[in-house]
Amino acid sequence: MSSQRGDAGSQVGDRPVTSHHDEVRARRRRMLGWAMWDPGTQPYASVITTFVFSVYIVSDSFGPRDLTSTALSWTMALAGLMIALLAPVVGQWAGRAGRRIGVLRWLTWALAVFAGCLFLVEARASYLTLGLILLGVGTIISDVASSIYNGLLDEVAEPSKVGRISGLGWGMGYVGGIIALLVIYIGWIKPTIGWFGVTSTNGMNIRVSMLFCAVWILLLTLPTFLILRDPPRVEPVADSPRSLRDAYVELGHSVSRLWRSHRSIVIFLIASALFRDGLNGVFQFGGVIAKQTFGFTSAGVLVFGIAANLVAGVATIAFGLLDDKIGPRRVIVWSLVALIVAAVAVFILHYGGQIVFWVLGMAMCAFVGPAQSASRSYLARVCPPGMEGEVFGLYATTGKAVSFLAPLLFGAFIAIGHAVRGGDSNQYWGILGIAVVLVAGLVAMIPVADAVRPGVEHSGTD
């Protein structure tokens, strides 16, 4: 199987190379094609699930706030369960069938379709169910596609450059999110009458933004699928799974083999499940704290989101270079320590006004992206040859396995704050819940060994 990985470098996305110069050019094209998928699909995360549509679907137009918020949380929980069930086997099946690029292409197109279909969700209570179904299915597609995309990293990047290429893709994703948010903010959210005469009547400005996201996804992922290609079809080996049912059976064997032969990967997957849930919580609830504790307006939250993506993108690209020098494990550990300190500072200095949140919030954003990128880089470095699909599928699965933890502790600490202080302005207590999750992830990272780079031996401690 190791020969397959080597062959992939000359087959995926380019004609056979005939010289070292040709090979360098071909690899650069593959890296660019791979990296473009991140910014191409970023609007689904930054616009749809974080700052725009998810806020729209829980607005008063769709019913009582408790009802809509609860419905959204259950929808995302169910989506997470489906991702946990589908991501490992779809990635494994696509990898063993030699169809990872093809499957990724179809999933990306489906994601664009579901993003565009959100245009149909009018600002009425009767459209709540439709909106949640489209959002949930789109989230499943997005995360399953991401697991396949992540598994391609070691095929497009040289071993010594995995960190910087992972950081490049993640950083470009943040840049894509910034541009998409800016266009939507300037074109349809901020003005009373936006481009093409669009207004906020019946949520039309939000709905048109969804069409923009769909077109964005289609156009910006074109380089990925014009450059990257699956290797020539070969007859599957006798034990290759021929159906998703066979893939589930094979998945059980893969997990067993992974535990016996690469137990450190399983330990890392557990640790990353914890700290990635905390990282997601930083963005997921940052807007809530900004608005309800620090007095940001809705437009101010969107502006903060644009700035957050800018800082996170630049930091991720920069830390990608550091990843290759000191190793992804150290980047993860240092980032988690910085995030925990900043989170506690938000709690202590909550009375300091918007400037406090701007400073501390930007500091947190500077370490979220690097930790996420380094996590992907670490797994790409230690992933056993031939197991990329299922391992990155497990990576997606474990990422959702405890996705309830940060939201649960966020709410629990708000309840504690209410019991201690009373009143209705205790949202800043929730940041302590996120900090607890980050601490748990940091502790779980302690026994994880450094990723071994070619020709270099690493210890398991810093």
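Of the 69 residues in the largest nonpolar core, Trp34, Ile48, Phe53 and Ile57 touch the most other members. A nonpolar core here is a set of buried Ala, Val, Leu, Ile, Met, Phe, Trp, Tyr and Cys residues joined through side-chain atoms within 4.5 Å. Buried means under 20% relative accessible area, exposed over 50%, and partly exposed in between (1.4 Å probe, protein chains only). Helix H7 (residues 128-151) gives the most to this core, with 10 residues. Helices are DSSP runs of H or I with at least four residues, numbered from the N terminus.

The model is predicted: local features need pLDDT of at least 70, side-chain atom pairs count only at pLDDT 80 or more, and totals for chains, interfaces and linings use all residues. Residues are numbered from 1 along each chain as its sequence is written, and side-chain values use heavy atoms, with hydrogens and water left out.

Phenylalanine 53 is in contact (heavy atoms within 4.5 Å) with Val47, Ile48, Leu118, Val121, Gly131, Leu135, Ile206 and Met210, leaving aside neighbours within four places in sequence. Both phenylalanine 53 and tyrosine 56 are buried. The two residues are 3 apart in helix H4 (residues 53-57), and about one helical turn separates them.

The whole structure holds 14 aromatic pairs. Rings of Phe, Tyr and Trp (its six-membered ring) pair if their centres lie within 6.5 Å; planes under 30 degrees apart count as stacked, over 60 as edge-to-face and the rest as tilted. The ring centres of phenylalanine 53 and tyrosine 56 lie 5.7 Å apart, with the planes at 55°, so this pair is tilted. Tryptophan 188 and tryptophan 195 form an edge-to-face pair, at 5.4 Å centre to centre and 70° between the planes. Tryptophan 188 is buried, with a relative accessible area of 5%. Tryptophan 195 is partly exposed, at 40%. Trp188 and Trp195 form one aromatic cluster with Phe212 and Trp216.

A charge also meets a ring. The charged end of arginine 207 sits over the ring of phenylalanine 119, 4.8 Å from its centre. The criterion is NZ of Lys or CZ of Arg within 6 Å of the ring centre and within 35 degrees of the ring normal.

Serine 142 lies in helix H7. This serine is buried, with a relative accessible area of 14%. Not counting residues up to four places away in sequence, serine 142 touches Trp37, Tyr44 and Leu111.
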